[in-house]
Amino acid sequence: MIPSDLRYTKEHEWVRVEGDVATVGITQHAADQLGDIVFVELPEPGKRLEQFATFGVVESVKAVSDLFAPVAGEVLEGNAGLATTPEVVNSDPYGAGWMLRVRLSDPAQLGQLLDPAAYEALTAEG
Amino acid sequence: MSVTGPKLQPTIFELSGPGRAAGHRIPEPPADALDRLPAYALRTSPPALPEVDEASLVRHYVNLSQLNWGVDTGFYPLGSCTMKYNPKVNEWAARLPGFAGLHPFAPDETAQGTLELLWELERDLAEISGMDAVTLQPAAGAQGELTGILVVRAYHRARGDLERTEVLIPDSAHGTNPATASMAGFRTVNITSAPDGGVDLEAFRTALGPRTAAIMITNPSTLGLFERHIVELLEMVHAAGALAYMDGANLNAILGRFRPGEAGFDVMHFNVHKTFGTPHGGGGPGAGPVGVRAPLIPFLPAPRVLREPDGTFRLERPGERPSSIGRMRGHVGNVGILVRAWAYIRAHGADGLREVSDDAVLAANYLRGRLVADGAFEVPFAGPCAHEFIASGAGLKRATGVRTLDVAKRLIDKGYHPPTIYFPHTVDEAMLIEPTETERLETLDAFADALLEIAEEAHETPELVTSAPHSAPVRRLDEATAARQPNLRWRAASPAPETRGGSH
Amino acid sequence: MVYGPHTPDDRSRMLAALGIASVDELFEVIPPAVRARPMRLPPGLTELDLMARLRTLAGHNRVDLASFLGAGVYRHHLPPVIDQILLRGEYYTAYTPYQPEISQGTLQTIYEYQSLLAELTGLDIVSASHYDGATATAEAALMTCRATRRERVLVSRGVHPQSRQTLGTYFVGANLTFDEVPLVADGPAAGTTDLAALGRLLADPERPIGGVIAAQPNLLGLLEPMGEIGRLAHAAGALFVAAVEPVSLAVLAPPSAYEADIAAGEGQPLGIPPQYGGPYLGILACRDSLIRQIPGRLIGMTSDADGRRAYVMTMRAREQDIRREKAASNICTNQALCALAAAVYVAALGPGGLRDVAATGAARATELEATLADAGAPRMHPGPYLNEFAIRVPDAIAVHRRLLHRGILAGVPLAELEPGDPSLADGLLVCATESTTAEEIELFAWALRDELGSMPGVVTPGVAAAVVGEGRR
């Protein structure tokens with residue numbers, strides 16, 4: 001069951017928009033594929049992100065994966081808690097496991113993302 | 001595993017006690033030995049190193065060794081690692097005082113024995129591989145790769161061709177290949193393999209061009225398959241003005257049957273700790289000599305070993321070959337390892353080496369045949385295989401939920417080191433199995449039987465498999481915590497041991 | 001069939017199971033155009049003949065001479081207990097510990113090695129070893145650029161030329177640059193890093209520096225002002241790499257004491273014989289904050305499913321098999337057995353023993369200095385040294401050669417180590433360790449005095465015997 005109020009990328013990131021602030025993380029599917037997550041590398045506040053460009057890295061015991069920005073914008077903050085408890089990405093990827101808050105530069109970009117049904121379909125194939 | 005049962009050990013620090021290390025090994029220095037040194041340069045407190053009597057020290061390391069599995073313990077079918085028997089005469093050879101006691105800055109005339117051995121080894125490897133020259137300098141296969149790719153880079157630049165910024169690598173390649181390309185300043189272009197496990201010629205054709213510096217190919221591939229299109233591939237590469245690098249990790253499959261340099265490869269590395277029986281040491285040391293065709297010789301690392309007209313040997317002098325890429329490491333190479341490799345080659349001769357590959361390939365095909373017949377694991381690629389083959393636990397996972405990881409851990413209970421798992425990444429739930437030529441037929445059959453048993457257990461009592469191993473000194477480890485909260489050095493406050501059976 | 005067990009019968013059975021007549025059928029996939037001709041190698045030798053040939057070759061190496069060779073590789077007493085442990089097949093025939101449940105031997109011994117080097121260097125993160133000191137230094141330099149995102153480092157000419165050359169090779173691939181910091185030419189600080197020059201190089205706004213590398217002791221055996229160098233580096237936003245000799249760390253201030261961020265070094269002096277250049281041991285250590293930058297394996301302590309203490313390779317996502325083209329380094333094999341040798345050596349000596357090795361070497365070096373000065377070859381530099389120094393000898397290369405024919409390896413000619421530096425052309429780099437005997441020192445001095453035409457000193461019976469012995473060879 002994936003949250004219905006989010007939008008998704010093909011690379012398994014999700015985004016929640018409130019006003020002009022977007023919160024970004026990775027999906028349960030991605031977290032499950034990676035296994036026990038041990039480290040998340042996030043950009044500094046102030047950094048400008050491009051849509052679909054890499055913004056960081058997530059490391060598990062046996063794998064590493066780039067993180068792709070669902071939307072362009074300026075980084076407001078990264079989830080500092082992940083430095084001490086990265087495992088929360090596995091247990092609560094849509095809540096406490098959030099990764100980044102970004103000030104949206106172009107809300108129209110949301111149209112390029114997958115809606116929940118489309119993301120479900122994507123993961124069902126895989 | 002051992003007669004007395006394997007015993008976990010506290011750390012050497014926990015065995016320490018003040019005054020326990022008897023000071024008898026060297027004469028005591030005079031009390032004023034360090035008086036002439038300025039205070040700013042000296043330690044203010046001694047390092048907290050352990051003080052242990054020799055008997056406790058020996059028991060510590062002997063008991064720890066009994067927690068380890070080596071080729072000397074039993075079957076070790078790690079695909080792509082070639083865990084063959086390590087001949088003991090080679091250990092004797094490397095320890096001869098004439099070899100072991102020679103200082104690397106000893107003048108050439110005092111090093112004639114080692115220099116002659118190195119010179120001969122270069123020629124042996126060149127003859128085995130069909131290359132025109134060999135450097136013995138690289139410390140390991142990965143360093144050999146870097147050496148080879150830097151030679152490629154130097155070659156193109158010397159021709160004034162600065163546009164070749166890409167290296168093409170199949171997706172089944174060992175991770176060192178793309179890592180090497182990056183270290184040498186190239187961009188890796190990943191080429192998807194064909195469904196039959198071989199290179200996709202059309203994908204290569206499309207990707208090859210004026211930006212290609214080289215391709216890096218393992219042959220036989222990491223799937224244990226000889227590249228049937230090797231001739232066309234090499235022609236295509238050269239037509240595009242690029243060079244062909246062969247990762248020689250799988251040389252054990254082709255000794256006496258295929259000489260890469262003769263076939264058209266321009267450069268390759270050897271893993272002497274795989275093909276030529278030098279021991280793996282728990283993760284090293286090894287050596288990764290590199291062979292090249294003639295046009296690349298000027299760029300080889302320096303110093304090379306030269307033979308004078310009067311039959312004596314010397315090292316190249318600094319600056320003697322200006323086009324060299326320089327030095328990859330200190331001194332001429334991992335000579336202690338190279339002595340072992342020389343001895344291995346001399347013990348076998350051409351016929352013996354060819355027999356090594358014949359037996360390695362025969363054993364792998366036999367074992368593969370057993371798995372195909374038993375039907376418990378898929379064997380995805382059509383045979384024959386080379387010296388190793390891929391099996392997959394994907395079907396077993398679908399049917400029972402038991403994964404290849406679990407099968408591997410259960411093999412430990414059956415008395416075997418597991419094969420390579422989850423490599424290459426292109427096959428789901430992969431097991432890469434390489435028996436080598438030094439295993440008895442009974443062992444191969446027993447191993448196949450064990451795999452079949454485990455598959456049956458997966459259906460009937462899966463928890464037995466998913467919670468394996470049960471008979472190893474320790475059970476499965478918490479790798480997540482190890483990575484999240486790294487404890488990489490001993491501190492007095494580290495968690496207490498739980499020793500099984502006591503150690504002292 | 002040298003080491004393989006297969007009888008013709010075994011082979012027949014395997015062929016029959018495969019339904020083929022000959023093993024050649026398994027090689028038919030090789031295109032005919034590239035099938036190999038037979039290899040032309042000397043025929044396989046029996047074990048008897050192989051050993052005879054090896055003895056002959058080893059016998060052509062002269063390891064019986066009075067040796068004062070150092071320059072990063074040192075002759076130390078090796079307690080035989082080390083080799084007995086190294087010869088245990090469970091250690092030396094094991095592979096990389098990818099299956100930790102049956103590799104606790106390798107894993108724990110390497111964890112202990114990491115811990116011992118952490119004690120010696122004062123830096124908590126120690127890799128499970130790199131190939132050797134030169135490559136460890138090169139990787140340390142790469143680390144500084146990764147961590148600071150700068151593209152240039154400064155390397156003192158006091159760092160071993162082989163390390164500088166290796167760094168140069170690695171930097172080519174990484175598209176980074178480095179400059180050398182000169183040594184002071186004369187005065188009390190002669191032969192050590194020129195701090196004024198370092199300051200100027202660090203102050204160039206066009207060339208921000210990621211790392212500064214200096215050696216302690218340096219190539220010439222001299223002690224460097226590491227604290228000063230570190231301060232200058234940090235003030236400019238650069239990291240500080242100390243290239244160190246591990247035995248000296250028993251008595252010298254460790255890298256942590258002078259705020260080095262990274263330590264690199266050659267571990268050969270810790271229980272590994274010279275072997276004409278390898279395999280040796282690359283020491284690489286760093287402070288905690290750089291943990292994600294350090295290449296190579298790391299062994300960590302953890303627990304198993306039953307709560308037992310156990311060891312495992314950790315933080316593996318940094319390594320080549322996972323990161324692939326994004327890996328910090330392509331390193332796969334380390335020098336595990338050499339790290340084991342080093343750990344056993346340090347444990348066998350204990351802190352007192354290791355200190356004695358360093359201090360006895362220093363005492364012997366003091367004798368050597370005085371004796372050689374008396375023979376007409378004073379030190380080239382006035383500054384403090386531990387157990388290695390350069391002496392000035394007119395026509396050094398020729399004298400070195402003549403001393404060789406008298407049975408003395410009179411150190412390493414600096415002209416060979418630093419061919420581009422004429423000020424060092426008449427230098428011989430000599431060292432003493434706890435293994436250097438008084439007779440060897442006397443022999444060296446006596447022969448040197450003779451070569452330089454000084455008044456012959458008193459010849460003791462021991463020296464006379466040694467000289468007569470040389471004449472017989």
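This is a predicted model: local features need pLDDT of at least 70, side-chain atom pairs count only at pLDDT 80 or more; totals for chains, interfaces and linings use all residues.
Now the charges. One salt bridge is found across the interface of chain C and chain A. The partners are E59(A) and R292(C), at 3.3 Å from N to O.

Next, chain C against chain B. Here the contact takes 184 residues from chain C and 202 residues from chain B. The buried area is about 16,600 Å². Carbon and sulfur atoms give 63% of it. As a reminder, interface size is often quoted as the accessible area lost when the parts come together.

How many salt bridges are there between chain C and chain B? The count is 16. Take E127(B) and R37(C) as a pair to look at: they form a salt bridge, and their closest N and O atoms are 2.7 Å apart.

Which element of chain C gives the most to the side that touches chain B? That is helix α11, residues 336–374, with 23 residues. By class, this side of chain C has 104 nonpolar, 46 polar and 34 charged residues.

Let me zoom in on one residue at this contact. T166(C) sits in helix α7, residues 161–174 of chain C. Is T166(C) buried or exposed? It counts as buried, because its relative accessibility is 0%. From chain B, T166(C) touches R327(B), M328(B), R329(B) and G330(B). Within chain C, it touches A134(C), T135(C) and A138(C), leaving aside residues up to four places away in sequence.

Over to chain A for a moment. G56(A) is in strand β6, which covers residues 54–60. Its relative accessibility is 9%, so G56(A) counts as buried. Leaving out residues up to four places away in sequence, G56(A) touches E41(A), S65(A), D66(A) and L67(A). G56(A) and V71(A) are 15 residues apart in sequence, and their C-alpha atoms are 14 Å apart.

Last topic: backbone geometry in chain B. Most residues other than glycine have a negative phi, and most peptide bonds are trans. Here are some exceptions.

Cis bonds to start. A302(B) and P303(B) are joined by a cis peptide bond, with omega about 5 degrees. P303(B) is in the loop between β7 (290–292) and β8 (305–307) of chain B. Another cis bond runs from F423(B) to P424(B), where omega is near -5 degrees. P424(B) is in the loop between β11 (420–421) and β12 (430–433).

Then positive phi. T82(B) has phi near 50 degrees, and it is not a glycine. T82(B) is in the loop between α1 (54–65) and α2 (88–95) of chain B. At 1% relative accessibility, T82(B) counts as buried. T436(B) also has a positive phi, near 70 degrees. T436(B) is in the loop between β12 and α13 (441–460). With relative accessibility of 1%, T436(B) counts as buried.

Key:
Residues are numbered from 1 along each chain as its sequence is written. Chains are lettered from A and ligands numbered from 1 in the order in which they are written. Side-chain values use heavy atoms; hydrogens and water are left out. Helices (H or I, at least four residues) and strands (E, at least two) are DSSP runs, numbered from the N terminus. Buried means under 20% relative accessible area, exposed over 50%, partly exposed in between (1.4 Å probe, protein chains only). Contact means heavy atoms within 4.5 Å. Buried area is the accessible area (1.4 Å probe) that two parts lose on being put together, summed over both. A salt bridge is a side-chain nitrogen of Lys or Arg within 4 Å of a carboxyl oxygen of Asp or Glu. Ala, Val, Leu, Ile, Met, Phe, Trp, Tyr, Cys and Pro count as nonpolar, Asp, Glu, Lys and Arg as charged, and the others, Gly among them, as polar.
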